[in-house]
Amino acid sequence: MTITKKKISHNISNNIGISINDSEALFHIFNKLITEKLFLGYQIKIARFGVFTLKKTKKRTGRNPLTKKEYIIDSMEKATFKPSNVIKNKIN
C-alpha cells in the first residue's frame, strides 16, 4: 500500500482537527524545510523518528540493457533516511 502526501495531509487534518488546506501547507513546509537544510549540509535528527542525511554516490558505469551501450553516471548526492530504533521495533 502506498501512502501519498494527500493521505498524510488527510491524517494530519483528522488527528489535529485542522483544515485539509492547512494540513497540506504544514506538510509542504516540513518537506521544504528538510530539503533546504539537507542542501545546506545539515543532518536532520528527529527524536524517536530518525535521521535524514545526504549521501554522495560514486561515479559509475551504467548500461542500456537493450542497446548494451555504456554510459558514465556522474557522482551525485542522494537524501537518505535512517529510522530510529523506536520505528524499527514497531516495524519488526
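I began with burial: 14% of the 92 residues of the protein chain count as buried, where buried means under 20% relative accessible area, exposed over 50% and partly exposed in between, with a 1.4 Å probe and protein chains only.

I noted that this is a predicted model, in which local features need pLDDT of at least 70, side-chain atom pairs count only at pLDDT 80 or more, and totals for chains, interfaces and linings use all residues. Residues are numbered from 1 along each chain as its sequence is written, and side-chain values use heavy atoms, with hydrogens and water left out.

I next looked up the secondary structure and found three helices and five strands, in the order α-α-β-β-β-β-β-α along the sequence. Helices (H or I, at least four residues) and strands (E, at least two) are DSSP runs, numbered from the N terminus.

I then checked the overall extent. The protein chain has a radius of gyration of 18 Å, well over the 12 Å that the globule rule gives for 92 residues, so it is more spread out than a compact globule. The radius is taken over C-alpha atoms, and the rule is 2.2 Å times the number of residues to the power 0.38. The C-alpha atoms fill a box of roughly 55 × 35 × 30 Å along the principal axes.

Finally, I turned to Lys 7, which lies in helix α1 (residues 5-16). Lys 7 counts as partly exposed because its relative accessibility is 38%. Leaving aside residues up to four places away in sequence, Lys 7 touches Met 1 and Thr 2, contact meaning heavy atoms within 4.5 Å. From Lys 7 to Lys 69 I recorded 62 residues in sequence and 41 Å in space, C-alpha to C-alpha.
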